[in-house]
Every structure is written in C-alpha cells, then in structure tokens.
Amino acid sequence: MLLKSKFKLATAIGIILSMLSLLVHLFLANYSAGGLTKGSMHMDDVLPFGQRPRPRRLWGPLRKLDHLHPFVNPSKSYAAPSKHNSFIYAKIYGGFEKIQSSICDLVAVARLLNATLVIPEIQATTRAKGISPKFKSFSYLYDEDHFIDALSNDVAIVRGLPKDLREARKKIKFPTVSPRNSATPEYYITQVLPRLVKSKVIGIIVNGGNCLQSILPTSLEEFQRLRCRVAFHALRLRPQIQALGSQIVGRLRASGRPYLAYHPGLLRDTLAFHGCAELFQDIHTELVQHRRNQMIKRGTVKEQLTVDSVSRKMAGLCPLMPEEVGLLLQALGYPPTTIIFLAGSETFGGQRMLIPLRAMFANLVDRTSLCSQKELSDLVGPEDPLASDLPQPPPPKSEKQLIEEWKRAGPRPRPLPPPPARPFYAHEKEGWYGWIGENDTEPDASPIEFRRQAHRLLWDALDYFVSVEADAFFPGFHNDGSGWPDYSSLIMGHRLYQKPYGITYRPDRKIVAALFENVSDHRYHPPRNWTIAAREHLNRSAGVEGVVSSAMLSRPVSFLSHPLPECSCRTPKSPAVQPVKDSNGRLLFGGEKECPDWMVRSLAMASAKNSEPQNEDYEDELPEDDSSPDMQQESDRSDVNKSSEQDEEMDPDD
C-alpha cells in the first residue's frame, strides 16, 4: 500500500514538473516570436497609421540628379512642316523595343527628307489574322490621333497614301529600301532622297530597329530633340493600355509601400547572340543553340556555334540570373516583403528560373497576378477564333465499330495488342517544345503563334508603362552591344528623361560576375565585406557614375537609352558638375542647358507646394550598412583584433 502511494506521488510530481517545463517553453517561445514579429512589423510591414517611411538609400530621390528636368522644346527657329507630294511609308519588324526605336528614327528621317510620313505599319500585328478589328497595326499599341497632333509642328503625318498612290503601291510600282543598322544621315540624303524625288513615294523596311545612327552631328541637335519628343510625348500608348497600367500601379501601391520593377532580360535571341546557352540545361540549351545557328547562317553572328558560356558571363555579356538579382537586392538591404513587379512578356526558361527569387522575395508579382483574366481579355479585344495548332486526338469509336474491328481481327488466339501510345500533353507540342525532339528544323510560325506575338506586344507595352512609373528599377540585362535596342535600356532612358532622381540601377555585369565568382561557395551567407562591396557598386550605379558609365555603352547604340544632354535642362541653382565626354569629345553628362525662366518658376512653385518634412531615414549619402547603431558598434569592436585582410563570414541571423 505504501509502495503504491509513493508511486502515485512520484507520478504526480513528474506530471507537475512536465507541465511547468511546458509552460516555461511556451512562454519563452511566445516571447521570442513576439519580439521577432514586433521587429518585423516595425521594419517591413505597413505601419497602422500614416505612410511607411521611404529610406533614401532604397527608394530615393537622388539629390545629385534631381536638378535635371525634361525639356525638348526646339531651342532654335524651327519652321513648321508643309504638305508635300512625296510620301514615306514603312514596315517595322520586331518586338516592342524595336518598334519604339524605329518609329522615332522614321520621324527624324521624314523631317530630314522633308517628306510626308504615312503612319508606320507594325508587322507583328498585320501578320496576326483575326485580331481585334478595333485596333489595327499602329493603333494596336499607340494612340494615332495623339501621335499626329503632337508632331503637327514637326512632320506632316497621314494615316494612308492617297487612293491613286495606294493602288500603285499594290502593284509594286514604288521602290523600297532596307537601311542597314545605324544608317547615317548622308545615306538618306545621297541614296534615298534622289529615289524619293523621282518616284514621289518610297517604302522603308526596318528589321532590327535603329534605322538612323544614334549619335548625330552637332548640326542636327534638333533631330535628337525631335526623337525625344516622339518617344516620350508623341508615342502615347492607347487609352486602354494606359488605364490598365494605371490600375496596376495603384494596386502595387495600395498598401502604402513603394515597389521595384525588374526585367530579367532572359530572351532567346539575346542568349543566342552572346553565346549563353550553357547557362541552361536540357532542352533549353538546344533551343538557344538552334537560334544561334540561324543567326550564323544569316550573318548576324560572325562566330562559332559553340563558345564558352562561362567566359562570356565573366565578361559581362550574359544576363544576370534571377537568383543573382535576388542576392544583390538582399545585399542592398531590401527586406523580404519588398514588392517586386516582374516585367516583360518572355522569360526564357519559364517560371522555374524564378523559383530562387520568389523564395527570397515572396511578393514577386506580374500582370497576371494583378489583373483578372477579363481585364487582360478586354485589353486584347474581341478576336476571331482560330483552330488549335495542337494535334487532335482521333474521334471516339462507337461500340458497334469496336465490335466490327474485333471480328475483323483474325482467328484466335492471337498476341496481345500493343499498349496504347502515351498521350501527348499540350506543353509537349506547344511552342518550342513540340519540334525540338522530332526534327532539326524549326517550323514556320502558325496562325496562333502570330497571334501570340501580337499579344506579347501588348504585355510588353503594359509592363513598360508600369516599369517607368516604378519607385525603383533593376535590369537583368541592358546595354546589349548587339546593335539592337533592348527593352531594359529603353526603360532606363525613359526614366532618366522623365524622373532622373528615381532609383534606377545600372549594374556592370562584369563586376557583378567577379563578385559572385569570389563568393561562389557560400552565396546565401556571404562574408560581410562582400555584401558591402556589392552594395557600394550598385549604389554607385544608381548615381552619376552609373549614368556616365552606362552612357558610354548604350548611347552609341541607342540614343533613347541615354537622352542626355539634348533632351534635358538644368536648374540654375544646381550644383556645379564637371562635364563628362566620351573618347570622341561628345558630351555625355553635364552639358545640359539651363532651364528657361518660366520653367524654373513653375518648378519652384511645385516644389514649395509639395515640400514636406523629410523622414530621418533620408540621408545625403548612401550608408554602407543598414544595421542598427548598437550592432554596428559591436561589429566594429569585434573587428579591432582582426587583420584587414581577414574576412569574417556574416551570421545569417544577423
């Protein structure tokens, strides 16, 4: 009896101690989680009252560039155009960035030749059968009426040729020219103008964008301004695209937080041109190599088919992978809750390429996650149905037909029939995947593929609008170097013109590749000095140094990527800036003229109206680290006893 009582007492004491231990653990866990939640809410989430602080080091504005303002009015006497009997019509092939650049060049060419420009024809929409009859060719992307009215003082523009000339064009009675990439003004004066005077009508076929050289002589400075007026004012997206783009921007900022736009730049043509096939695996490598082989046959690429992709990446010729971009954003100090808008209609490799970035930044969104299917369908407009280009399964057989086949099968016993063929799924026959495993020749585009190409123009235009309005922009690939205009560079040029004070990163991919090479074994927990080095480079790329270095690469290829100094003016009280010139003595930065008095007064009034006390997080210089002062002092004390060459690995929980 006594033994049983002692056993019960020991059991009760054990239960009580277990309960006390459990309560202590729950209390400690609750206290720890509460502290983390409190810190996370204070640092990352939206504050319950008022607007969340916007630290200057992450979201701007940049004071060293806020004295630049868009100004593209003619600086000299500029005679209005008059109606002429000579006409220029044009066909433009390529994606959104090539269309945008080509139209600006065509307007300048029409002014140079003193001819009337017919609204250019966008071939990606004219070849797509059955798309919305509301929007044809040029009006599929842009507002035609605004385009004509905005340039009425620059170039005479008509919607089409007169009826008699239209009939003659159908009979191919007019000459056509296909200017080479970056053709000079002398080419148009000596080669095109005589034929235009003789025939009164001439067609220009533009395949790769940039039908006029980027850097024009000083005497043609007004033509540079004209190109800016076309790109940033006359080429207004049609109202439906602007309305949906504004809704997307509103939804991105609905929580009161800013957002960052990111364009991966992972395009099949780009990867093939620069020889970056080995960055991928399996079928994607074959697809890139196939496209590169096509470029070699056409003479676009004058190299061997197989090259060392690793060396190309180390030279800065390949796009940054989304995983690398995520690590760079972390090094800059962007919290995991940062809203990132994914721009661009094509990301080669698909969603699997974005998995690492999405793991680091859960708020990675795109147009499909911000818009309903109806909103996107309304943007496309009503379209005629097309037959699917996927293989159709054989029609089902009736029971009577099956019995008849069984009776005709021959005497029994007979071997078992072969198992049914494996069904083909849609993704195995759609787009690139359907032909690469069956033959070596890429098939001609089907009607559905032509329609998809037209839709990609809409998605690129929509994302272009959202990216220009973003609080910060990060390109995965820019400054192509191939001679073609690239999507990210056009966005960066538009942002430099419209909001130069905004955060726009211009990373040097060669420096970034070297950084990742030095930390390849522990990318996700890099040493502290690596993080500081990456942050310093990216912060410099967003300022004047990045603007100048990017201009040296992009301006010789595409003027719209760096529309300075012709398309901006400088306020009189701006800080003194040393003009920067390229190797040929042309100004890249610092040569902007002073803004006119009326503009200075209006800017001063707007500044006084919108002036607000700045948050304590706003600083003139970008800090090297976003750690708290206590943590920084502790880190400094711990580094005293270490040599300057020793590298400490950062604590992942720090």
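R570 and E592 pair up in a salt bridge here, with their closest N and O atoms 2.4 Å apart. R570 sits in strand β13 (residues 568–570) and E592 in the loop between β15 (587–589) and β16 (593–594), so the pair ties together parts that are 22 residues apart in sequence. Keep in mind that this is a predicted model. Here's a quick tour, starting with that pair and its relatives.

**Salt bridges**
- Both partners of the opening pair are tucked away: R570 counts as buried at 8% relative accessibility, and E592 counts as buried at 7%.
- In total, the structure holds 24 salt bridges.
- Another one joins the side chains of R227 and D105, at 2.7 Å from N to O. Since R227 belongs to helix α8 (residues 221–234) and D105 to helix α3 (residues 96–113), the pair ties together parts that are 122 residues apart in sequence.
- R227 is buried, with a relative accessible area of 3%, and D105 is buried too, at 2%.
- E144 bridges to R159, their closest N and O atoms being 3.2 Å apart. E144 is in helix α5 (residues 144–150) and R159 is in the loop between β5 (157–158) and α6 (163–170), so this link ties together parts that are 15 residues apart in sequence.
- E144 has 19% relative accessibility and counts as buried, because the cut-off for buried is under 20%.
- There's also a network of salt bridges, which links K313, E323, E324 and R523.

**Cavities**
- How many cavities of 30 Å³ or more does a search of the whole structure find? It turns up five.
- The largest cavity has a volume of about 70 Å³.
- Residues lining the largest cavity include H478, N479, R506, S561 and H562.
- Two helices, α21 (487–498) and α24 (544–554), each bring at least two residues to that lining. The one that gives the most is α24, with four residues.

**Surface**
- One nonpolar surface patch, of about 600 Å², is made by L9, I13, I16, L17, L20 and L23. Of these, I16 lies in helix α1 (residues 2–43).

**Overall build**
- The protein has 26 helices and 16 strands.
- Of its 654 residues, 46% count as buried.
- Looking at contacts with a separation of 6 or more, 80% are between residues 24 or more positions apart.

Notes
Residues are numbered from 1 along each chain as its sequence is written. Side-chain values use heavy atoms; hydrogens and water are left out. Patches are made of residues with over 30% relative accessible area and no salt bridge: like charges are joined within 9 Å, nonpolar side chains (Val, Leu, Ile, Met, Phe, Trp, Tyr) within 5 Å. Accessible areas come from the Shrake-Rupley method with a 1.4 Å probe; for residues, only the protein chains shown count as cover. A salt bridge is a side-chain nitrogen of Lys or Arg within 4 Å of a carboxyl oxygen of Asp or Glu. Buried means under 20% relative accessible area, exposed over 50%, partly exposed in between (1.4 Å probe, protein chains only). Contact means heavy atoms within 4.5 Å. On a 1 Å grid over the protein atoms alone, a cavity is a set of points where a 1.4 Å probe fits but cannot get out, and a pocket is an open set with protein on both sides within 12 Å along at least five of seven lines; lining residues have an atom within 4 Å of a point. Grid points are joined across faces, edges and corners, and a volume is the space filled by probe spheres set on the points.
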